[in-house]
There are 2 protein chains.
Amino acid sequence: LPEVGKGDSVGRLLTERFQFEDGDVLVVAQKIISKSEGRVVSLAEVTPGAEAVELASRSEKDSRLVQLILDESRSVLRVRPGLIIVEDRRGWVCANAGIDRSNVLQRDCNSLEDEWVCLLPADPDESARRLREDIMAETGKQVGVIINDSHGRAWRDGTVGVAIGAAGITVKSDRRGAHDRHGYVLQHTIIGTADELAAAGSLLMGQAAEGVPVVVIRGVSATGEGTAAELQRPKELDLFR
Amino acid sequence: LPEVGKGDSVGRLLTERFQFEDGDVLVVAQKIISKSEGRVVSLAEVTPGAEAVELASRSEKDSRLVQLILDESRSVLRVRPGLIIVEDRRGWVCANAGIDRSNVLQRDCNSLEDEWVCLLPADPDESARRLREDIMAETGKQVGVIINDSHGRAWRDGTVGVAIGAAGITVKSDRRGAHDRHGYVLQHTIIGTADELAAAGSLLMGQAAEGVPVVVIRGVSATGEGTAAELQRPKELDLFR
């Protein structure tokens, strides 16, 4: 793909380059959706408030970036040098409200000397729904769309791709009540299918240098109607906040 | 694969059925490794102690199962009805110390009326190393091996496949110091590559009814020397325990 900028139709960029089939699952990097939606901000235009200045000191981060993190969050969960973990406006528990400084310089930026950052899409499930509809309008094909991002985990090192937006996808596969091969009734198995698809896509995307922002998964049976928001654990069931 | 029982060589079962190539990554379900290692226990032979009885009451679980969970754990982190989250003997934070009741009836079991459960391999990294060596001995091919299991997450609903054992694999891809497409130096990106591979494998394994215990990932560049234990976050860096 070329560099994506504000106003670009990601759906058209994709359909011009790829023959979709019914049932294809697109895993799309959050960043190109954000850029197409103009969710790019110059730090030079941000004025940090008192809370951001204090939190910047504790986290050893740029106070302007911290202001954006606060603007994009419902609550701050943990802070240590180099790390701010929040519940973001969309309900995701993640570092820095998903705001990323890499791979942001682009044709919308006026000057290479400014520092630009990329915010998450305002409503990634809605972004996924629109992209799915755009592809259907262009091609007549019914595809599933996952918008993925890389998240850290509570007890495991390393980031993995997760779904922050989804449309036309089986987000969770509820296996409760199904039988195993011996007739035993499975009791507690709800699989985070969209997150497994997101991780598989992330594996192929690599990061940054490779520049692969979209992966198409074909041959997997994952058509459905879920949204990524369904992967958010209700706070009252959360044992680790 | 046929039903796997104690003493079976998983390596031979696989090499008899599949032509491996150098660089293949095998994602192998924990359960067939556990069964081959005889890590199957009849609840009828377990006598719960006082701690297990108390914890069984709080978690509404079978006290014999809870005794096994305690035996397999370093510490209990959270309890609620239907759920016991522990740090297991291997260092994994997971539900029920990874002990599973499904898909366990097998030729090693004497009676269908007993209730059998399956424990995790005692040392999954070592199990992976042995399987990798067995395949090399049989075929001369250098493969990577991941033993996966399905884990819940702190803030996300649904389980995903993760790596609990690994050999011959790039477990974490450290992108710190790499440059993005615009020359920006990536600062905090360590990718949990083995977990993304495990999730991709898990996606195809489905669960139980499908009975696909091994997935081969070909064409991905993931050869390395890591162990899954490297994915355990050091407790002093853990913000959520």
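Visitor: How many aromatic pairs does the structure hold over all chains?
Guide: The structure holds 4 of them over all chains. To pair, rings of Phe, Tyr and Trp (its six-membered ring) need centres within 6.5 Å; planes under 30 degrees apart count as stacked, over 60 as edge-to-face and the rest as tilted.

Visitor: What kind of pair do B:Trp155 and B:Phe240 make?
Guide: Their ring centres are 4.8 Å apart and their planes meet at 75°, so this pair is edge-to-face.

Visitor: Which parts does that pair tie together?
Guide: B:Trp155 lies in the loop between β7 (144-151) and β8 (160-167) of chain B, and B:Phe240 in the segment after β11 (214-217) of chain B, so the pair ties together parts that are 85 residues apart in sequence. Strands (E, at least two residues) and helices (H or I, at least four) are DSSP runs, numbered from the N terminus.

Visitor: Are those two buried or exposed?
Guide: B:Trp155 is buried, and B:Phe240 is too. Buried means under 20% relative accessible area, exposed over 50%, and partly exposed in between (1.4 Å probe, protein chains only).

Visitor: Hold on. What kind of model is this?
Guide: This is a predicted model: local features need pLDDT of at least 70, side-chain atom pairs count only at pLDDT 80 or more, and totals for chains, interfaces and linings use all residues. Residues are numbered from 1 along each chain as its sequence is written, chains are lettered from A and ligands numbered from 1 in the order in which they are written, and side-chain values use heavy atoms, with hydrogens and water left out.

Visitor: What is the mean pLDDT of chain A?
Guide: The mean is 89, and 88% of chain A's residues reach 70 or more. pLDDT is the predictor's confidence in each residue, from 0 to 100. Residues 106-110 of chain A fall below 50. Where pLDDT is low, the predicted coordinates should not be read in detail. The model's ipTM is 0.92, and its pTM is 0.92.

Visitor: New topic. How many helices and strands in chain A?
Guide: Chain A has 6 helices and 11 strands. Of its 241 residues, 55% are buried.

Visitor: Which residues have the most contacts inside the largest nonpolar core?
Guide: They are A:Ile146, A:Leu197, B:Ile146 and B:Leu197, in a core of 86 residues. A nonpolar core is a set of buried Ala, Val, Leu, Ile, Met, Phe, Trp, Tyr and Cys residues joined through side-chain atoms within 4.5 Å.

Visitor: What is A:Leu197 in contact with?
Guide: Leaving aside neighbours within four places in sequence, its contacts include A:Val25, A:Ile146, A:Ile217 and B:Leu203. Contact means heavy atoms within 4.5 Å.

Visitor: And how many salt bridges over all chains?
Guide: The search finds 50. Each is a side-chain nitrogen of Lys or Arg within 4 Å of a carboxyl oxygen of Asp or Glu.

Visitor: Where are B:Lys31 and B:Asp100, and how far apart in the chain?
Guide: B:Lys31 is in helix α2 (residues 30-36) of chain B, B:Asp100 in the loop between β5 (93-95) and β6 (116-118), 69 residues apart. Their closest N and O atoms are 2.9 Å apart, in a salt bridge. B:Lys31 is buried at 12% relative accessible area, while B:Asp100 is partly exposed at 30%.

Visitor: Which residue forms a salt bridge with B:Glu133?
Guide: B:Arg129 does, with the closest N and O atoms 2.8 Å apart.
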